[in-house]
Amino acid sequence: MKKKVENTIPTDEELIGRFQDGDIYAFEQIVKRYKDQLLNYAYRFLGAIEDSEDIVQETFLRVFRKRKAYRNIAKFSTWIYTITGNLAKTELRRRRKKKLFSISGLKYNNKEYEIPDRKRGPDERADSVVMDEIIQKAIDSLSPKFKEVIILRDIQELSYEEISKIIKIPLGTVKSRVNRARLKLQELLGDLFKSPEK
Amino acid sequence: MSCKEVCNYFSAYLDGELSETLKKEIDVHLNNCSHCRAILNKTYSIKEYMKSLFKIKTSDNFEVRLRERVSQELTRKRSFINTWTESINCLPNKSIIAFGVAAIFVIIFIIMNVQQSNYEEFQIKNTPFQKEILNQSGMGENITSDKANEQFLKGESILSVNPSGVDDSTGKAFDLKKGEQSLDSKVKYINK
């Protein structure tokens, strides 16, 4: 009788455990699993791809150095998102100090766009890129505390509980910040989105 | 419910986190307020659009770069250990290290001895006899309530402590800090 081979995917916690025991291959798997989602998180935070990639590199280096510091009481994703978030916030502060960043007020009055359907032709795709840029600018204009919750909730689609653990604030505060961030984005971008009714 | 209050519940409303009662209350408001309805609809559209924002990918050489940085890290660690080992090996005479280690042991031994003698002194100071001397010289605590001392005082009631604190035989002051020496002096004084 043939033995059934179970092809189960290891959890993050199993991978970091193996890495803590010296399995470098487990570290490589962690990198493959998280590199893109962390890059998107950092990118939505900073708005610059190169800087974001540096942040993600630094995140993995820290995971490598501090692997023994991780305890299996928290989810690994929470731990790694916290590292990236902290690095991104530090980078934002550094930028602000250097005054490299200037955000002008965003308001797109007297214009009405349809939400582009990404599955359409090249023109619509171009619209979609423009729309993404506009949304990114609106996200950039939020203060860091609103920015981080809205990225984690509406782009990364994490649960409120996990967000609360990542940024170490009470659950109620996360919910109220998400609400305020959504309303703020609505103020900034509402003119671009048609209300379904008239 | 006012428009401002309703706005506070928009996220919970969109995430389906409201109680039935509260949801009904908000629905009633939305049915009658086109302004709030429009805000809610736009908020919902933006929230949904955010999910489909384009996803960027790391550059092709991301993992190669990371691997290089990790190996640099490891090399740096190794070179630190090597430098440390080499610097020890480069010392002119290894006996200097042996001497240094021995000196550390001697220092630790001396420190431990000093601590031990302090402890013994403390113990001697706290014997009823010594306390009595300390009391007489005004340096000790009031120990009259101490049962042990009462017994001592009863047993030694015919003896009195030289109030001057001076050993008549030698003319020297009782050294209260050196317990044994003081006790000897005291015995001499009593025997006299």
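I took a salt bridge to be a side-chain nitrogen of Lys or Arg within 4 Å of a carboxyl oxygen of Asp or Glu. The model is predicted, so I noted the limits: local features need pLDDT of at least 70, side-chain atom pairs count only at pLDDT 80 or more, and totals for chains, interfaces and linings use all residues. Residues are numbered from 1 along each chain as its sequence is written, chains are lettered from A and ligands numbered from 1 in the order in which they are written, and side-chain values use heavy atoms, with hydrogens and water left out.

**Entry 1: a pair within chain A**

I looked up Arg65(A) and found its side chain in a salt bridge with Glu58(A), at 3.7 Å from N to O. For burial I used relative accessible area with a 1.4 Å probe and protein chains only: buried is under 20%, exposed over 50%, partly exposed in between. Arg65(A) is partly exposed at 39%, and Glu58(A) is buried at 18%.

**Entry 2: chain A overall**

Chain A has eight helices and zero strands. Of its 198 residues, 48% are buried.

**Entry 3: the interface**

Contact here means heavy atoms within 4.5 Å. Chain A gives 47 residues to the contact and chain B gives 36. I read buried area as the accessible area (1.4 Å probe) that two parts lose on being put together, summed over both. Between chain A and chain B this area is about 4,100 Å², with 57% from carbon and sulfur atoms. Glu53(A), Gln57(A) and Arg182(A) supply 15% of the area that chain A buries against chain B, more than any other three residues.

**Entry 4: charged pairs across the interface**

Glu28(A) is partly exposed at 27%, as is Arg67(B) at 44%.

Which residue of chain A forms a salt bridge with Asp15(B) at 3.3 Å? I found Arg182(A). Arg182(A) lies in helix α8 of chain A and Asp15(B) in the loop between α2 (10-14) and α3 (20-32) of chain B, so this pair also joins two chains. Arg182(A) is buried at 3%, and Asp15(B) is buried at 18%. Asp15(B) also bridges to Arg153(A), at 3.5 Å.

Methods:
Helix = DSSP H or I, 4+ residues; strand = E, 2+ residues; numbered from the N terminus.
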